[in-house]
Amino acid sequence: LHVDHPLGQGQVIALTDKQSHYLFGVMREGEGSAVALFNGRDGEWTATVTRAHKKAGELTCVEQAAPQLDPPDLWLLFAPIKKERTDFIVEKATELGCARILPVQTEFTNAGRIKQDRAQAHAMEAAEQCLGTYVPEVTEMQSLMQLLRGWDDTRRILFCDESLVGPAQTLAQLTPGPWAILIGPEGGFSPVERDMLRSLDYVTPVSLGPRILRADTAVCAAITLWQSALGD
Ligand code: SAM
């Protein structure tokens, strides 16, 4: 369960209505049950239910079960697609270890605005499901061009360029440092965007292999390949 409170020995955590309903109504936990907790900073903690009220439960921290595991300094920039597929992307990027998820509007992006709350809740659920101790921030959707204008060029961009179909070898030769993976929409990148990206010296265009992947597949493949080259 993700909570906002600091976690430490003997710390008492007051649960929200929603968390209490989930634990005592849905999961049928009761007083004395053990619950795994994390807050994104203090690792995973085992807590005991000390008050099982369906609207106002309370937990008490017992001991740390696992240390905090932060992801490597990897961001994901992606052009949102259909709702369910966007949910999938947020979920998989969280599971595979991205520190920050940034939806971007590109020329061929069909999806309108994404619901940032919904996406953030998805990231939280994904972290809970995979017993992660970190929830990546999902930012508001912003234009790719604007984002590039204010970009801090010490973070390099791994530009997954579908027009470069060929072996995905470049990814094995990446050098360590802060990175952001960029994945385009179903329609790919426009020639203007591609030229602009290729002209920037902090952008590394890469192929993910000889087949054109769906955007959601490309996200999983790119993060996995990056993790294999530079992750922990
Ligand atoms: N409409 C495009 C086309 O037919 O050329 C395909 C776009 S693809 C469905 C969506 C995104 O996934 C691309 O913009 C790119 O970022 C990434 N992608 C898919 N396959 C790739 C590959 N083989 N190499 C690099 N990136 C790829």
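# Exercises on a predicted model

In the protein chain, take the contacts between residues at least 6 apart in sequence: 74% of them join residues at least 24 apart. The model is predicted.

**Exercise 1.** Describe the protein chain as a whole: its helices and strands, its span and its buried share.

*Solution.*
- Start with the elements. The protein chain has 6 helices and 11 strands.
- Next, take the span. The C-alpha trace covers about 60 × 35 × 30 Å along its principal axes.
- Then turn to burial. Of the 232 residues in the protein chain, 33% are buried.

**Exercise 2.** Work out how helix 2 is oriented relative to helix 6.

*Solution.*
- Locate the helices. Helix 2 covers residues 83-96, and helix 6 covers residues 215-230.
- Look at the axes. They come within 9 Å and cross at roughly 10°.
- Apply the cut-off. Angles under 35 degrees count as roughly parallel.
- Conclude. Helix 2 is therefore roughly parallel to helix 6.

**Exercise 3.** Which residues of helix 2 and helix 6 meet? Sort the residues of this contact by class.

*Solution.*
- List the helix 2 side: Arg85, Phe88, Ile89, Lys92, Ala93 and Leu96.
- List the helix 6 side: Asp216, Val219, Cys220, Ile223, Thr224 and Gln227.
- Sort them. The contact has 7 nonpolar, 2 polar and 3 charged residues.

**Exercise 4.** Describe the chain over residues 15-56.

*Solution.*
- Check the record. An unreviewed UniProt entry lists residues 15-56 as "domain: Ribosomal RNA small subunit methyltransferase E PUA-like".
- Read the make-up. Residues 15-56 are 24% helix and 31% strand.
- Compare the ends. The end C-alpha atoms of residues 15-56 are 6 Å apart.

Notes: Residues numbered from 1 in each chain as written. Predicted model: local features only at pLDDT ≥ 70, side-chain atom pairs only at ≥ 80, totals over all residues. Axes fitted to C-alpha atoms, helices over the stretch in contact; angles between N-to-C directions. Helix = DSSP H or I, 4+ residues; strand = E, 2+ residues; numbered from the N terminus. Parallel < 35°, antiparallel > 145°, perpendicular 65-115°, else oblique. Contact = placed C-beta atoms within 7 Å. Nonpolar A, V, L, I, M, F, W, Y, C, P; charged D, E, K, R; others polar. Buried ≥ 20, exposed ≤ 12 C-beta atoms within 10 Å, placed from the backbone. UniProt positions renumbered as here; feature names shortened; annotations may be inferred.
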